[in-house]
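I opened this notebook to record what I looked up in one model. The entries follow the order in which I consulted it.

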Amino acid sequence: MSDQSIVNRGKNKDSFSWGIILIVLGGFLLFDRLDMIDARDYFKYWPALIALIGVIAVIRAKNIADVLDGFMQIGFAALLFAIIQNLYGLTFRNSWPLFVIAIGLNMVIKHFTDKPKN
């Protein structure tokens with residue numbers, strides 16, 4: 001199999017994943033516009049889209065760095081959800097250092113897992 005076909009297959013998977021997310025989001029917004037649901041009742045769950053993207057990244061990971069990125073997105077979504085729900089007393093004001101720590105930790109772990117191949 002040529003390198004170009006592998007690249008195109010990856011692009012098709014990306015298009016498929018984003019297509020599914022857009023279909024679900026569009027259907028949700030359509031139901032809101034048709035007064036079948038009230039989107040405000042469900043808006044507090046928007047971090048689930050970030051978590052879904054993270055799960056897709058973990059499933060499709062080709063190396064440890066991709067797995068770490070996926071888990072980072074899932075963790076980011078969980079933290080956002082906890083902030084929105086005011087779980088554990090978290091707010092955007094008091095929890096932003098957690099985002100900084102998580103990004104730094106991700107960078108340090110990636111440094112040790114991305115060993116150059118000689």
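Which residues line the second largest pocket? I found V24, L25, F28, Y42, F43, Y45, W46, A48 and L49 in the lining.

**Entry 1: basis.** I worked from a predicted model, in which local features need pLDDT of at least 70 and side-chain atom pairs count only at pLDDT 80 or more, while totals for chains, interfaces and linings use all residues. I numbered residues from 1 along each chain as its sequence is written, and side-chain values use heavy atoms, with hydrogens and water left out.

**Entry 2: confidence.** I looked up pLDDT, the predictor's confidence in each residue from 0 to 100. The chain averages 82, and 85% of the residues score at least 70. Helices here are DSSP runs of H or I with at least four residues, numbered from the N terminus.

Entry 3: I returned to the second largest pocket, whose space is about 250 Å³. The elements giving two or more residues to its lining are α1 and α3 (47–59); α1 gives the most, with 3 residues. A pocket is an open set of points on a 1 Å grid over the protein atoms alone, where a 1.4 Å probe fits, with protein on both sides within 12 Å along at least five of seven lines; lining residues have an atom within 4 Å of a point. The volume is the space filled by probe spheres set on the points, which are joined across faces, edges and corners.

**Entry 4: core.** I listed the largest nonpolar core as I50, A77, L79, L80, A82, I83, L90 and F99, 8 residues in all. Helix α4 (residues 64–84) supplies the largest share, 5 residues. Such a core is a set of buried Ala, Val, Leu, Ile, Met, Phe, Trp, Tyr and Cys residues joined through side-chain atoms within 4.5 Å.

**Entry 5: L90 and S95.** Neighbours within four places in sequence aside, I noted contacts (heavy atoms within 4.5 Å) from L90 to L79, A82, I83, S95 and L98. With the same exclusion, S95 is in contact with I83 and L90. S95 lies in helix α5 (residues 92–113), and its side chain reaches the backbone oxygen of T91 at 2.5 Å.

Why does S95 count as buried? It does so because its relative accessibility is 0%, where buried means under 20%, exposed over 50% and partly exposed in between (1.4 Å probe, protein chains only).

**Entry 6: I103.** I103 is also found in helix α5 and counts as partly exposed because its relative accessibility is 47%. I recorded 8.1 Å between the C-alpha atoms of I103 and M72, which are 31 residues apart along the chain.

Conventions. A polar contact is a pair of N or O atoms within 3.5 Å; within protein, one must be able to donate a hydrogen and the other to accept it, and residues adjacent in sequence count only if both atoms are side-chain atoms.
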